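Reader: I am new to this structure. Please take me through one part closely: the ligand and its surroundings, with a word on the aromatic rings too.

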Amino acid sequence: MKKIPMLDLKREYEYMKDDIDSTIRQCLDHQQWIFGPEIKQLEDALSAHLGVAHCVGTSSGTEALVLSLRALAIKLRGQEYFDMNDEIITTPLTFTATGDAILRSGATPVFIDIDPVTYNIDPFKVREYLSQNAPRVIGIVPVHLYGRACHMDEIMDMARQYNLFVVEDVAQAFGGKWKGRNLGSMGTTGAFSFFPSKNLGGFGDGGMTSTDDDEIAEIVRMLIKHGGRDKYNVDHIGYNARLDTLQAAIILTKFKYIDDFNGRRRNIAEHYTKGLENIAGLSIPVSTSLSSVHHVYNQYTIRVLDGKRNALQDHLKAKNISTMVYYPVPLHQMKIFQGKDRKGNPPCMNAEKAVREVLSLPVEPLQDEEDTQYVVDCIREYFSNAHS
Ligand SMILES: *Cc1c(COP(=O)(O)O)cnc(C)c1O
């Protein structure tokens, strides 16, 4: 029987083996493991690609978020952390790290419900919240979930109107665009992840902060190395949160393949979308071909109605098809945020419904058409049996 994994890193490595091996060999030769030459090469390549003034390599996407927020507290407030009275708006349907970074910056997260069609934060609900609570809110952390852009026009418009910073969580969306503009280049900063399962993934942890703001870039550069320009006499409460030279070298090499790989993801998504149309009880991601969104499908996520999600997942598992639920628990219901989010956080019914219905299918860039069709056939088989 076929076996369709969510991710096949061995196959990806084989695909680019000579390139990767030679880049690793170069690192072995120069032995500059900390702030080696590949760090600056990667930062320059990615800032040119994104069209931003600065990219700073970080030890993970999580740290890229924390560093952005800490740098903003230092720049805007002249203090190391925000206060509990400072509210930062984000989505409840995201990885823990997004909300956790807000707590680690000293601020209070406010979770605003998602748009059930895009799964991203609903800008109209953000506006509604701001119209009543604006003075307490200092910023927004929109997450481009599954590789799909948030409504950046609305978000940036509110940011201007209410004088808010915007930290884009681009962990799942390297290469994604909003109206032709690269994600991670519109907000005050962008936070990227190079975790192996992301669209641009390394061989371990890594991340990056992007920004046009010289002062923020400078502060992030201090914070990643203990908090100062001079590490023996530091200015701020810092971290050891640099990107490794070896990871930078690998990511720089894989960056050559990103358009190819994102294109493959989009082709697989198109195949799914054609194959899974018009099934009662199943909804597919809304088409983006005519819209403002260049979706890069870190996940292809379907919605299974009538409480059948887990049964479909079991059915696919029996067919050797891996699937995942992103995410089973929305942040406003997670243990860590109890009593730490905004008191009387607005209701998040759409997110609560989504976590019971979403299912992400394999979009491994190198999976072939036959594999994708096999997934389609197995899903169709499930629904025809379920309704017969
Ligand atoms: C992966 C991810 C992160 C964290 O990135 P790491 O590199 O794993 O620390 C943050 N936000 C979102 C939405 C993610 O998917």
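This is a predicted model: local features need pLDDT of at least 70, side-chain atom pairs count only at pLDDT 80 or more; totals for chains, interfaces and linings use all residues.

Now the ligand. It sits in the largest pocket. Around the ligand are 16 residues. The closest are Gly 61, Thr 62, Asp 169, Ser 193 and Lys 198. Thr 62 brings a polar side-chain atom to 2.5 Å from an oxygen atom of the ligand. Lys 198 also uses its side chain: a polar atom there lies 2.7 Å from a ligand oxygen. Gly 61 uses its backbone instead, with a polar atom 2.8 Å from an oxygen of the ligand. On its own, the ligand has 380 Å² of accessible area, and the protein covers 93% of it.

Back to the rings. The structure holds 14 aromatic pairs. One of them joins Tyr 326 and Tyr 327. Their centres are 5.5 Å apart, with 65 degrees between the planes. This pair is edge-to-face because its angle is over 60 degrees. Tyr 326 is partly exposed, with a relative accessible area of 21%. Tyr 327 is buried, at 11%. The two get separate labels because buried means under 20%. Elsewhere, Tyr 15, Tyr 257 and Phe 261 form one aromatic cluster.

Definitions and conventions:
Residues are numbered from 1 along each chain as its sequence is written. Side-chain values use heavy atoms; hydrogens and water are left out. Rings of Phe, Tyr and Trp (its six-membered ring) pair if their centres lie within 6.5 Å; planes under 30 degrees apart count as stacked, over 60 as edge-to-face and the rest as tilted. Buried means under 20% relative accessible area, exposed over 50%, partly exposed in between (1.4 Å probe, protein chains only). A residue is near a molecule or strand if one of its heavy atoms lies within 4 Å of it. A polar contact is a pair of N or O atoms within 3.5 Å; within protein, one must be able to donate a hydrogen and the other to accept it, and residues adjacent in sequence count only if both atoms are side-chain atoms. Accessible areas come from the Shrake-Rupley method with a 1.4 Å probe; for residues, only the protein chains shown count as cover. On a 1 Å grid over the protein atoms alone, a cavity is a set of points where a 1.4 Å probe fits but cannot get out, and a pocket is an open set with protein on both sides within 12 Å along at least five of seven lines; lining residues have an atom within 4 Å of a point. A molecule sits in a cavity or pocket if more than half of its atoms lie within 2 Å of its grid points.
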